[in-house]
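Try each task before reading its solution.

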Amino acid sequence: MRNPYTVLGVGKTARADDIKSAYRQLAKTWHPDQNPGDPSATMRFAEIAHAYKLLINPDLRSSFDKGDIDARGRRRPKPARGFAANPFNAFKQARRAATADQDTGEKSAAPEDAPEEARFEEMVVHIFGEAAAKQSGHTAQKGGERQQANAPGLDEDPLAALDELFAKWKTRRKPGSRASAKTEKPVTVHHVEISLETAMTGYTGEIELGDDCRVEFTTPPGTLDGTEVRVQSPDPGVHGDAIVKLTHARHPRLRAVGADLHGEHAISLMEAVLGGSFVYEGLEGPVRITLPEWSGSDKVLRVPAQGLPTPAGERGALLVHLRVMLPETPDRALIDLMRSNRRSWFF
């Protein structure tokens, strides 16, 4: 995931008001409802919401600025103990000892000298491969005698020799080369179904990238139907990233359209004519709704702030579609009234 400051387009010294302003503008621009034909809008919108959630929280923002957590809000692993130690000190000390022996006129026997060179060569082979070790010329044999003219491992500081080898290695392995492209693992797609209640509060789940690799991911409150979340692989060399597609499970009373919730409610003919009120079971509990007089079928009653949360900190609406229903058994009084009115309409 990208740097949250970059996602929102603000600097590291931005105030909370600046972050809110940038977030609202971007959220309005990239909201999936505003971009029905752009499949990337959902991912962009989720990225904007996550960046805002991280930067608007002072504690999370401070932890990110100090490097304690990454852009996804996950705690960064601490370096292993002893990581800062110089791994070449042993080679440098061995070289100094060999030089001191030569200055005093003392020569070490070949069998005692060979292990130091062997270990150095093994290190070069381990890091750069056999081809680099051969080209370095740190050991040369001619007529059974050791030649030191082309031996940077003996005539020079081992660190300088490795710097030269590393410079050659970088020229052969450039970023974006075909060799690196071949090792890139494909992105996998995972489908996850969540309830509307879970979409209301946000979702936390896990996906499997392999037999021994499970990765946790989260979505903010107000997860829309069809939201796609990219989950980064902890080990790209073994498993590729994943795309998680979240869909809403079928609800017995409600369906979501964006952040709004839609439902139906049956009313009697008397209620349709005279009006009144009724209690409707919303996603968070019962809601009393006023029914105006003369409310026919297909009339929609809108109750604000009873839908899903939005990234702007607001709520969608609850929209109840009315259906006028006749009694299950015939009502003689109602039949006589309708017949009487029909006569007055035609005579």
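A residue is called buried under 20% relative accessible area, exposed over 50% and partly exposed in between (1.4 Å probe, protein chains only). The model is predicted: local features need pLDDT of at least 70, side-chain atom pairs count only at pLDDT 80 or more, and totals for chains, interfaces and linings use all residues. Residues are numbered from 1 along each chain as its sequence is written, and side-chain values use heavy atoms, leaving out hydrogens and water.

**Exercise 1.** Find how many residues of helix H3 are buried, and what they pack against.

*Solution.* Start with the extent: H3 covers residues 40-56, where a helix is a DSSP run (H or I) of at least four residues, numbered from the N terminus. Next, count: 12 of the 17 residues are buried, including Phe45, Ile48 and Tyr52. Finally, look around them: these buried residues pack against helices H1 (4-8), H2 (16-30) and H4 (58-65), and against strand E6 (227-231).

**Exercise 2.** Classify the ring pair formed by Tyr23 and Tyr52.

*Solution.* First recall the rule: rings of Phe, Tyr and Trp (its six-membered ring) pair if their centres lie within 6.5 Å, and planes under 30 degrees apart count as stacked, over 60 as edge-to-face and the rest as tilted. The structure holds three aromatic pairs. Here the centres are 4.0 Å apart and the planes stand at 15°, so Tyr23 and Tyr52 are stacked. Now place them: Tyr23 sits in H2 and Tyr52 in H3, 29 residues apart, so the pair links distant parts of the chain.

Terms used: Helices (H or I, at least four residues) and strands (E, at least two) are DSSP runs, numbered from the N terminus. The expected span of a helix is 1.5 Å times one less than its number of residues. Contact means heavy atoms within 4.5 Å.
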